[in-house]
Amino acid sequence: MNFHLIYPEFLLTGLAFLVLTLDFFLPEDRKFLLSWVSSLGMALVIVFALLLYQQGDLYQGLLIIDGYAGFFRIFFLAIGIVITLMSRDFVQSNIGNPGEYYAILIFTVLASISLASSGELLTAYVSLEVLSFGLYVLVAYDRYNPGSNEAGVKFILLGAFSSALILYGLSQTYGLIGTTRLDEIAVLLSSVEDISIGMLLGLVLILAGIAFKLAAVPFHMWAPDVYEGAPIPITAWLSVCSKIAIVAFAIRFFTTGIFPVVNDWQPILMVLAVLTMVGGNLLALVQKNMKRLLAYSSIGHAGYLLMGLAALVAVTDEGMFNTDFSHLVSNGLIFHMIAYGVTNFAIFYCLILVYNSTGRDDIQGLAGLSSRQPMVALVMVCSLFSLAGLPVFAGFTSKFYLFNAVASQGYLLMVGVAIVASLISLYYYLTVARYLYIEKVLDESIISVSVGSKCILGVLLIFMVVGGIFPSPLMDLIQTATDSVLKVE
Amino acid sequence: MEFLSFSNPTTLVALPILGCLILLFVPGQRPDLVRWISIIFATVVLGISIYFFIFFDHSEGGKQFVYEYEWLSLAGPWVDSQRAISMSVGIDGIAATMVLLTGIVMFTGTLVSWNINVNNKDFFILYFLLLSGVFGVFIAYDLFFFFFFYELSVLPMYLLIAKWGSSSKFSSFERTKEYSAMKLTLVLVAGSVLIWVAIIAMFVQSGVGSFHIEEIQAVMPDKFSVEFQSSVFLILMIGFGILAGLWPFHTWSPDGHVAAPTAVSMVHAGVLMKLGAFGIIRVGMTLLPEGAQIWMPLLIGLGAVNVIYGALSAMGQTDLKYVIGYSSVSHMGYVLMGLGTLSLMGLNGAVLQMFSHGVMTALFFAVVGMIYERTHTRDSLILTGLAQKMGVVAVLFTIAGLTSLGLPGLSGFAAELLIFIGIFQSYEVWGVILGSLAVIGAAITAVYILRLLSKVFFGSPEDDLSDYSDATLREKFAAGVLVGLILLVGILPFPFVKVIESGVEPILLQIVGAG
């Protein structure tokens, strides 16, 4: 067994325990060092992961470390570093107990990585549970805040419910075809003409579970409440990391596992996608709280991702799996996820900075931000435009690429709905922009932001712009990553 | 660096962006520095756009100053396996004319915005961003970048209008600038939604895996059926029509133009509305010639409604800016009618009208801006006898007004004459009816323009006008440039027509060949 393959994961686990242990010995006024330990530690793990990079599979294919897994390993570690740095001031001034916070955060990074590299359903389930449990704790981490507690309870109840759905679907699948490995599922499914009702039920349950975790309409009810109650960095983490991890697994699951029965599950995803894009964006129109608004906006974005997933598996006229077209969609999906992730991080970080000094997270509280803190207002308005899909930002290019890819599979009508949904979203993004730049200033106090925070904002902004005008290096990386999932058998 | 070489059209996009970046790092407390940097960039860009117009070889025609750069590879089952979105630019006769117009409006707009005091740095950043988008649309030969720049030119509008604009009070209601800005942005983006759908449909249908207009054009006769062409052309026509002020989708335009600050009204009415008409030519007629033939009667009919409806609405307005806003709707009707003729005369006239109306409207809005800056009102019921104190302003307004009603010797006459001939030539019986409607529109224009002139400038002054000063040297210079062009095109239209014709002819030949 070649354990070299998962050295980075071992190191990451060690890092989490190191942070927990250091927490015992550090005096209270030194605990801010833990954020540096976590972020530098993760940076080191990235270096190791690049140096020790090997491909192969472990435990008879339970874990597949291929280009795809390697890509997402680096990606999750990188966003882990960003979220750690983003949480620094917030944890110190609003929550306390940094030790467990950062350790659990690292565990969620670990879980996301193993989710993206799992080649078997139970491994994926366990990873998903580790991810979810970490998030349950983190959502309720602000112990003395009733909102955070309420969010935690809601999240754990509904999260457990959705996990139960997935688990039931898994057992149904295993009971009927006797395997949980993705490649074996594919072989078995392609040998039958029609799948049984029981198998279909299993698939539907798994899809429903995934939709729950992605907060797709009509399984979205938990999201706004949880997003609103959770500490802001965790809201950001929830809206970025958990979604990307699940979609990363879903891409592998659909293209190597259940692609032979694409006609059975594709309509479900298409309906979900249309409901989610339209529903999420319509509900966002009436929100007053910035976190709730972003919750609905990220539901809307989950709709675009679901649309990509629905169009992911292209079948040629002869009934073969057409990897060429799938490439276009999977590249678009990953590109859009990354663009969405960076943009969401940027906008949440702006919100964190405002909250740190004013304690407000409603839209009204952002009024006149352009004069109170121009840099934050600039980054915020750029991220709003990026989310709305306007050039020169990453959101435009990635949306165009994704929509174009989906349309190339022949779903022009669904793309039309998506484009209209993104027109709806422009209204509420512009409303926020109006508060930032035009609305009368009631509270003229200056919001001070440290140089370090400005650097992070600047880096996020640069990524947003570069993703929009010069995406080809990123696209080459994505292409190599998806090559290993979509390899022609 | 090839990227920034002088004869590379990308410079037109890159320079305003460079200006934005430099301004971003200029401290906001130094408004004068901001102004000088802006004017330097605007002058250089004007110089380059004049260069492209003069050195465009109209006897050769076609696409010149070509530059291509492979931007993003597209995976997929294309004919030659690996395809890419490429940054592909070039200038043809139509684009050369439009680029010149944009350069001039940008330059004069910068001069007119000299007195903006509130956050003038942010204003110029957004203004340059807007213009780099406009230039991009005119030079792009790739549908992705065409759309990229098209959206880029919409993006800054919201903030520009909502922050630096002005609200209008009516007797029974108030139209706030925030309302107008939101309306304009949403309606325009709704238009670009349609364009986006059409672009993706054409990409998918062509199956070449490229957004390059010429590559799609090459396979178009085989791949695009008549039904496909006719349905997609209708979508495109409405999408671009929204930006061109096509009736009944024009309502954003008067509201938006009135609320916008002077320079933005100049760019928006002068150049941005032309993007719509330009898009119909560059994308619609080039890629969907049969669709164009099917829908052109509708376009010419709606254009006629535009002319009459816009002129009648303008007659009912008292706010000077609303009068000009509606007259823009009316004049864009001539452009649409010219496109609808599908004849060489008509199309030449349409593009010349785009140019002429751009210059004329810019002059109009600049003059109204001067009046508003001094009197703080635009109400023609209050303003009287301004000519006594503001002689130069009155002369400028008169020239713009006379151009608007099509006085021979000024640019509007040449353009409208070509359009009228085109209409009469291409639609026999209907041509007479539509042509007469167009001429009636010009007559109505004369009514409202002359009425305004006699009241606002040459009436007997009721109030004390001694506070009002005439145009400053800077304003005179900006307006003088525009007046010079109006006269130049009016007296010597043929150099312009030749350049335009070299761009229009191949497109027209393709349409006639297809039918």
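# Reading a predicted two-chain model

Modeller: The largest nonpolar core has 406 residues, and L363(B) and V367(B) have the most contacts inside it. Its largest share, 22 residues, comes from helix α13 (residues 323-358) of chain A. This is a predicted model, where local features need pLDDT of at least 70, side-chain atom pairs count only at pLDDT 80 or more, and totals for chains, interfaces and linings use all residues. Residues are numbered from 1 along each chain as its sequence is written, with chains lettered from A and ligands numbered from 1 in the order in which they are written.

Biologist: What is a nonpolar core?

Modeller: A set of buried Ala, Val, Leu, Ile, Met, Phe, Trp, Tyr and Cys residues joined through C-beta atoms within 7 Å. Buried means 20 or more other C-beta atoms within 10 Å of the residue's own; exposed means 12 or fewer; partly exposed lies in between; C-beta atoms are placed from the backbone. In soluble globular proteins, nonpolar side chains tend to be buried together.

Biologist: Which residues does L363(B) touch?

Modeller: Residues up to four places away in sequence are not counted. L363(B) then touches L396(B), A400(B), A479(B), L482(B) and V483(B). Contact means C-beta atoms, placed from the backbone, within 7 Å.

Biologist: How many residues does each chain give to the contact?

Modeller: Chain B gives 29 residues and chain A gives 33. On the side of chain B that touches chain A, α7(B) has the largest share, 13 residues. By class, that side has 23 nonpolar, 3 polar and 3 charged residues. Ala, Val, Leu, Ile, Met, Phe, Trp, Tyr, Cys and Pro count as nonpolar, Asp, Glu, Lys and Arg as charged, the others, Gly among them, as polar.

Biologist: How many helices and strands are in chain A?

Modeller: Chain A has 19 helices and 2 strands. These are DSSP runs, numbered from the N terminus: helices are H or I, at least four residues; strands are E, at least two.

Biologist: What about the burial of chain A?

Modeller: Of its 489 residues, 60% count as buried. The C-alpha atoms of chain A fill a box of roughly 70 × 55 × 40 Å along the principal axes.

Biologist: Is V420(A) buried or partly exposed?

Modeller: V420(A) is partly exposed, because 17 other C-beta atoms lie within 10 Å. V420(A) sits in helix α17 (residues 412-437) of chain A. The C-alpha atoms of V420(A) and M277(A) are 9.3 Å apart, though 143 residues separate the two along the chain.

Technical notes:
Contact = placed C-beta atoms within 7 Å.
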